[in-house]
Amino acid sequence: MNVAVIGLGKIGLTLAAQYASRGLSVIGCDINAALVESVNNGQCPVDGEEDLAERLTTAFRDQRLTATTDTAAAVATSDVVVIIVPVGLTGDQTPGGQMPDFTHLDAAVADVARGLRLDTLVVVETTVPVGTTRGRVGAALANAGHPLLLAASPERVSSGHIFRDLRTYPKVIGAIDEASWTKAEAFYSAALEAPRLLRVHDPETAEFSKLAEGIYRDVNIALAGELARYADAAGVDITEAIDAANSQPYSHLHQPGVGVGGHCLPVYPHFLPGDSGARLPLAARKINDGMAAYGVSKLEQALGSLKGATVLVLGLAYRPNVKEASYSSALLIDQALRSRGATPLVHDPLYSDDELAALGLDPVAALPPGHTDAVIVQAWHDAYADLDFAAFTGCKVVLDGRNTLDRARVEAAGVRYLGIGR
Ligand SMILES: NC(=O)c1ccc[n+]([C@@H]2O[C@H](COP(=O)([O-])OP(=O)(O)OC[C@H]3O[C@@H](n4cnc5c(N)ncnc54)[C@H](O)[C@@H]3O)[C@@H](O)[C@H]2O)c1
């Protein structure tokens, strides 16, 4: 089976390596020529993805994976086309004004249409608004004169342990008809070790399941955030309370923190149409985006004032060990600190000083830093495991924005510990 994967990013490249490791013949397609070149040179352009470099080396050696910028040509030789280019949001920052941005998807589909054969299955794995696979992708391919084999199968994995997730999670698939399902079933049975293929009624149900999954988590974290604020007021430790609550099988509270970043959870609530009638998802977005300022206000209270204070933010990445800064809470923390007269510095071992500066941040190249009055933990990378706050000159307070540090260890370093709801 020949497979074309359109979009060789963190997810697409890993999917390509997965399919190749199952013996399929894979062509990865991307508009980024440097990325394509590195794959064709047997190099792994993604850091921190468990087992990816090894699988790429094997795929390269066995000639199971090549890459190209010529999507139409690759599609013309493929039995299955998997589309995994991003759909993000338009830049409009007004409340409720952010809309899905289909630029990359439309361009990719136009290229696919130029090469598509009659018997080739197209699967949309990108997370998309309900109706996109049939109404947008399907319509564009049909306009180009193609009878369609088409399905939606949103990718549910998380960066860092994608191969594990592919092995562990059922693969949700919704096809437009029986012929499309039959081909999708054959493809995913060959390409994955998934515990089961979970067929849903149609592509719309598959698309919606992924939105529901993401929005559930965002809303759940917002609830945890609001409970954490109350825990602070009531003098209760939220982590202990959540552990106790979750010991009953109907409670599944997530952990509060200084915000929710990444290009998934903050994005998907905006994929519901304005007239959906759903009020909670966007309310939760607001609450989650307010947690950065809430954390900073806790720090301000502890220090008395932030005017003139130097505050080191640990971790630009939206979560530990993943080089992805979209909608990172670090950016909101930086803004909140500046608006209170503090000087924020940012450290992240995954980013160069130039990359941090390009986002308008003041980088700290090495730890311990020079004088700093306080630290905010935004993403606790593995590289931070041995940090000793006693070596941080001037540091009086650590705000553990992820409730992840060992409180006793911070306090043993002579530094005050603050958490979110603790
Ligand atoms: N990152 C995650 O943790 C995650 C998890 C689950 C699902 N997803 C889904 O996967 C999508 C992609 O995520 P990612 O992390 O791989 O993104 P990414 O930004 O790492 O990679 C996207 C790739 O698509 C390429 N691209 C853009 N336009 C193209 C075109 N017209 N033709 C070919 N290639 C094109 C880009 O050059 C880039 O290499 C997300 O938008 C989301 O829907 C992501």
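Into which domains is the protein chain divided? The chain comprises domain 1 (2-201) and domain 2 (226-419), with bounds taken from an automatic or database domain assignment. This is a predicted model, in which local features need pLDDT of at least 70 and side-chain atom pairs count only at pLDDT 80 or more, while totals for chains, interfaces and linings use all residues. Residues are numbered from 1 along each chain as its sequence is written, and side-chain values use heavy atoms, with hydrogens and water left out.

The C-alpha centres of domain 1 and domain 2 are 33 Å apart. Their contact (heavy atoms within 4.5 Å) takes 11 residues from domain 1 and 10 residues from domain 2. About 1100 Å² is buried between domain 1 and domain 2, with carbon and sulfur atoms giving 59% of that area; buried area is the accessible area (1.4 Å probe) that two parts lose on being put together, summed over both. On the domain 1 side, Lys-10, Leu-89 and Thr-127 lose the most area to domain 2, together 40% of what that side buries.

**Helix packing**

Helices (H or I, at least four residues) are DSSP runs numbered from the N terminus. Axes are lines fitted to C-alpha atoms over the stretch in contact, and angles run from 0 to 180 degrees between N-to-C directions.

| Helix pair | Axis distance | Angle |
|---|---|---|
| H11 (residues 280-303) and H12 (residues 329-339) | 9 Å apart | about 45 degrees |
| H9 (residues 203-234) and H11 | within 8 Å | roughly 40 degrees |
| H1 (residues 10-21) and H3 (residues 52-61) | within 9 Å | roughly 50 degrees |

Angles under 35 degrees count as roughly parallel, over 145 as roughly antiparallel, 65 to 115 as roughly perpendicular and the rest as oblique. H11 and H12 are therefore oblique to each other, and H11 passes H12 in a right-handed crossing. A crossing is right-handed if the near helix is turned clockwise from the far one by less than a right angle, and left-handed if anticlockwise.

At this packing, Asp-289, Ala-292, Ala-293 and Val-296 of H11 meet H12 residues including Leu-332 and Ile-333. The contact of H11 with H12 holds seven nonpolar, one polar and one charged residue; Ala, Val, Leu, Ile, Met, Phe, Trp, Tyr, Cys and Pro count as nonpolar, Asp, Glu, Lys and Arg as charged, and the others, Gly among them, as polar.

H9 passes H11 in a left-handed crossing. The contact of H9 with H11 has 11 nonpolar, three polar and six charged residues.

H1 likewise passes H3 in a left-handed crossing.

Key
Helices (H or I, at least four residues) and strands (E, at least two) are DSSP runs, numbered from the N terminus.
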